[in-house]
Amino acid sequence: MATVNVYEQYFAADLTASGVPRKGALVMLTADSGGGQIRYEAAVSFFPHRDEEDFAVSYDAYYSRVLYEAEGRRSKQREAGFLKDFLPTIDALAREAGGRVFWDKPLREARTDGGQLPEFGRNGSPAEEAVRSNEKEESPAGNAERKLIAAVPELTTEQRDRIRKSAQAAGLSCRFFESPEEALPEVSDAEVIFAHGISLIGSAPRLKWLATPFAGVDPYTEPGVFASPDAVLTNSSGAYGTTIAEHIVQVSLSMLRQDPVYRECVREKKWIRALPIRSLRDSRIVLLGTGDIGRETAHRIKAFHPASLTGVNRSGKHPGDDFDRVVPISELDALLPETDLLILSLPNTTETFRLLDERRLKLLPDDALIVNVGRGTVIDQAALEKELRAGRLFAALDVFEKEPLPADASLWDCPRLYITPHTAGNLSLPYTVERVVQLFLENLERYAKGEPLLRQIDLKKGY
Ligand SMILES: NC(=O)c1ccc[n+]([C@@H]2O[C@H](COP(=O)([O-])OP(=O)(O)OC[C@H]3O[C@@H](n4cnc5c(N)ncnc54)[C@H](OP(=O)(O)O)[C@@H]3O)[C@@H](O)[C@H]2O)c1
């Protein structure tokens with residue numbers, strides 16, 4: 001049984017602004033015939049009908065935009081079953097918008113005869129011609145269209161609507177896909193891609209801007225991954241601070257308060273309650289990385305009254321009021337012996353690779369806790385495991401040298417370790433998605449004006 005989901009609606013204001021005299025609307029719908037393999041899209045224009053304040057659906061507009069997609073193939077095809085579900089939805093939408101639909105004759109007939117579509121292009125209808133011209137427009141040769149491809153599945157309908165409007169204002173057409181894989185056949189002439197697009201950029205020779213919704217950019221820094229020599233890359237650093245800071249507080253308290261051990265006791269129905277616990281109060285805390293994540297974490301941890309809150313970065317520059325002091329990376333070794341909690345939020349670069357190596361791990365006090373949310377490559381994982389198995393240090397790792405952590409990795413059952421499978425800052429929190437959208441829209445406005453983009457990555461430095 002097919003389902004129809006409305007995923008975009010544009011009502012009167014836009015069309016009025018673009019010269020249509022009164023009410024009008026454009027509605028985009030998807031239908032899924034079950035199993036998710038087949039997908040339809042349709043656009044219907046509602047234009048002012050005669051002298052009345054109502055809507056008329058343009059049959060040709062409808063026909064010209066029906067797409068059929070399956071297994072990567074794409075062709076235009078009419079589909080009676082789809083139409084049957086589609087028509088009442090349009091009726092309902094028009095009612096919601098305070099109007100009434102006046103159906104074109106062929107659609108009116110289709111509506112009343114059980115969803116059967118009239119013959120394609122019958123009675124000299126210009127539908128076929130509209131389809132043909134649409135196809136011509138989409139072919140790379142004659143295509144003057146500037147395209148934005150967005151493939152961030154977590155986007156809500158309302159967020160897609162905002163992005164489409166901003167894209168239109170920037171002179172870009174905009175298409176949404178549920179995954180980068182689904183977008184792949186469409187990116188050859190894309191100007192802008194908003195996606196975690198490592199699988200796309202090798203197929204986008206006209207790309208000018210890739211906006212990744214993630215903060216980490218390590219996959220993009222390999223030479224030759226971009227097919228377009230002009231492409232710039234921006235990340236979404238600034239979106240993840242809240243969710244990751246909460247994760248850091250959560251895992252730090254869990255480890256300090258022996259929660260994993262208590263969970264085990266509870267599972268075994270043992271009433272044990274006197275394990276020694278520790279507090280963030282009076283702890284000496286070092287944040288290695290004072291970017292968005294480091295700053296947001298420091299802001300929250302300050303409320304726990306630590307003994308000291310020290311930031312470490314490349315420059316030693318103070319990024320905010322919450323740190324007691326900020327030192328350059330050259331002073332890290334001197335800090336480590338006086339660290340109870342070491343929080344790492346560093347990117348993966350050649351400079352940060354195995355920064356926390358065996359030698360530095362040994363500088364930490366025996367019961368120090370390490371929390372890593374940046375990249376797994378920053379710690380020598382084998383050396384850390386050796387320390388943990390020897391009864392030194394504690395760790396909470398969200399990121400690993402190899403992800404997913406292989407099923408046969410010995411780390412899975414390593415003592416003194418709290419594993420989370422890179423869940424600290426993914427897009428499962430709606431607040432994070434909204435921040436990602438805000439950052440993208442802010443940059444889209446700059447892009448439209450030809451201004452430098454924010455959070456642009458230096459691909460040579462990898463950061
Ligand atoms: N676990 C997750 O789910 C998740 C989610 C999002 C992000 N991440 C990771 O977290 C990283 C940081 O994110 P963010 O948004 O906080 O990034 P950010 O705002 O760009 O901050 C990065 C920080 O790292 C510091 N840094 C970079 N290279 C360094 C080096 N060689 N030595 C010392 N400090 C160095 C920078 O120092 P300066 O200030 O001196 O430049 C800056 O303070 C991302 O790159 C990503 O890999 C993980």
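In which sense do strand 10 and strand 11 pair, and over how many bridges? Strand 10 (residues 190-195) and strand 11 (residues 209-211) pair in the parallel sense, over 3 bridges. Strands are DSSP runs of E of at least two residues, helices are runs of H or I of at least four residues, and both are numbered from the N terminus. Two strands pair if DSSP finds at least two bridges between them.

## Model and confidence

This is a predicted model, in which local features need pLDDT of at least 70 and side-chain atom pairs count only at pLDDT 80 or more, while totals for chains, interfaces and linings use all residues. Residues are numbered from 1 along each chain as its sequence is written.

The pLDDT is the predictor's confidence in each residue, from 0 to 100. Its mean over the protein is 79, and 69% of the residues reach 70 or more. Among the elements, the lowest mean pLDDT, 34, belongs to strand 5 (residues 67-70), and the highest, 99, to strand 16 (residues 341-344). Over residues 1-82 the pLDDT is below 50, and this stretch has 161 contacts in the model beyond near neighbours in sequence. Two residues are in contact if their C-beta atoms, placed from the backbone, lie within 7 Å. A further stretch, residues 97-108, also stays under 50 in pLDDT; the model has 30 contacts for it beyond four places in sequence.

Ile193 stands opposite Leu210 in strand 11.

Another open sheet has 7 strands in the order 15-14-13-16-17-18-19, and its pairing is parallel. At its edges are strand 15 (325-328) and strand 19 (417-419), each pairing on one side only.

Within this sheet, strand 13 (residues 284-288) and strand 14 (residues 308-313) run parallel and are joined by 5 bridges. Leu287 stands opposite Gly311 in strand 14.

## The ligand shell

The ligand is surrounded by 32 residues, and the closest are Gly216, Gly291, Asn313, Pro347 and Gly425. A residue counts as near a molecule if its C-beta atom, placed from the backbone, lies within 6 Å of it. Helix 10 (residues 292-301) gives the most to this shell, with 3 residues.

At least three residues of the shell come from each of domain 2 (140-238 + 432-449) and domain 3 (241-419). The domain bounds come from an automatic or database domain assignment.

## Backbone details

The peptide bond from Glu403 to Pro404 is cis, with omega near -5 degrees. Pro404 is placed in the loop between strand 18 (394-397) and strand 19.

His305 is found in the loop between helix 10 and strand 14. Its phi is near 60 degrees, a positive value in a residue other than glycine.
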